[in-house]
Amino acid sequence: MSDPRVYRAAEIQDAIRQVLFREWDPLDVCDHLGLRDEYDRYIAPAYRILVGSRSEQELIEMLSRSQQELLGGPATQSSEPSLRAVARQLLALDVR
């Protein structure tokens with residue numbers, strides 16, 4: 001019999017993955033389902049914020065830093081509203 005906590009952890013990871021892949025998507029790969037794990041390295045940092053501070057600003061900063069890392073340059077000011085929208089979607093997830 002499998003542990004329900006393992007199943008729940010997988011559900012939470014997938015929910016975060018979906019938001020990152022479909023809504024954040026700084027590399028514009030969401031049309032390629034074979035690349036849906038492209039942002040998996042950012043699941044754990046997002047999760048830590050979601051179960052810790054639950055800070056929208058901290059999520060925005062993490063997404064911005066990650067976007068800079070992926071794109072090799074600073075995020076633009078115009079990206080803050082879109083990052084805020086992604087942060088709010090992440091905050092809406094039930095990570096309990």
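## The nonpolar core

In this predicted model, the largest nonpolar core has 25 residues, and those that touch the most other members are I16, L20, W24, Y39, L59, L63 and L90. A nonpolar core is here a set of buried Ala, Val, Leu, Ile, Met, Phe, Trp, Tyr and Cys residues joined through side-chain atoms within 4.5 Å, where buried means under 20% relative accessible area, exposed means over 50%, and partly exposed covers what lies in between (1.4 Å probe, protein chains only). Two or more residues of this core come from each of α1, α2, α3 (56-71) and α4 (79-91), and α1 gives the most, with six residues. The helices (H or I, at least four residues) are DSSP runs numbered from the N terminus. In soluble globular proteins, nonpolar side chains tend to be buried together.

Residues are numbered from 1 along each chain as its sequence is written. Because the model is predicted, local features need pLDDT of at least 70 and side-chain atom pairs count only at pLDDT 80 or more, while totals for chains, interfaces and linings use all residues, and side-chain values use heavy atoms, with hydrogens and water left out.

Helix α1 has 21 residues and reaches 29 Å from its first C-alpha to its last, close to the 30 Å expected at 1.5 Å a residue, the expected span being 1.5 Å times one less than the number of residues. Its buried residues are I12, I16, R17, V19, L20, F21 and W24, and what covers them includes α2, α3 and α4. Just after α1, D25 takes a positive phi of about 40 degrees.

In α2, the buried residues are I43, P45, A46, I49 and L50, and their cover includes α1, α3 and α4.

## The aromatic cluster

Two aromatic pairs are found in a search of the whole structure. Rings of Phe, Tyr and Trp (its six-membered ring) pair if their centres lie within 6.5 Å, with planes under 30 degrees apart counted as stacked, over 60 as edge-to-face and the rest as tilted. The ring centres of W24 and Y42 are 5.5 Å apart and the ring planes stand at 80 degrees, so this pair is edge-to-face. Because W24 lies in helix α1 (residues 4-24) and Y42 in the loop between α1 and α2 (43-51), the pair ties together parts that are 18 residues apart in sequence. W24 and Y42 are both buried.

Ring pairs link W24, Y39 and Y42 into a cluster. When its neighbours within four places in sequence are left aside, Y39 is in contact (heavy atoms within 4.5 Å) with L20, F21, W24, D25, P26, L27, D28, V29 and L70.

## Salt bridges and a polar contact

The structure holds nine salt bridges, each defined as a side-chain nitrogen of Lys or Arg within 4 Å of a carboxyl oxygen of Asp or Glu. One of them joins R8 and D94, whose closest N and O atoms are 3.9 Å apart, and this pair links distant parts of the chain, with R8 in helix α1 and D94 in the segment after α4, 86 residues apart. R8 counts as partly exposed at 26% relative accessibility, and D94 counts as partly exposed at 42%. D94 also forms a salt bridge with R96, at 3.3 Å between the closest N and O atoms, and R96 counts as exposed at 77% relative accessibility. Salt bridges that share partners join R8, E11, D94 and R96 into one network.

Within α4, the side chains of E80 and R84 meet in a salt bridge of 2.9 Å, N to O, and because the two residues are four apart in this helix, about one helical turn separates them. E80 is partly exposed at 30% relative accessible area, and R84 is partly exposed at 23%. In helix α3, E56 is joined to R88 through a side-chain polar contact of 2.9 Å. A polar contact is a pair of N or O atoms within 3.5 Å; within protein, one must be able to donate a hydrogen and the other to accept it, and residues adjacent in sequence count only if both atoms are side-chain atoms. Leaving aside neighbours within four places in sequence, E56 is in contact with R84, A87, R88 and L91.

## Positive phi in the loops

D28, in the loop between α1 and α2, has a positive phi near 55 degrees although D28 is not a glycine, and D28 is exposed, with a relative accessible area of 57%. R54, in the loop between α2 and α3, has a positive phi of about 55 degrees and is likewise not a glycine; R54 is partly exposed at 39% relative accessible area.
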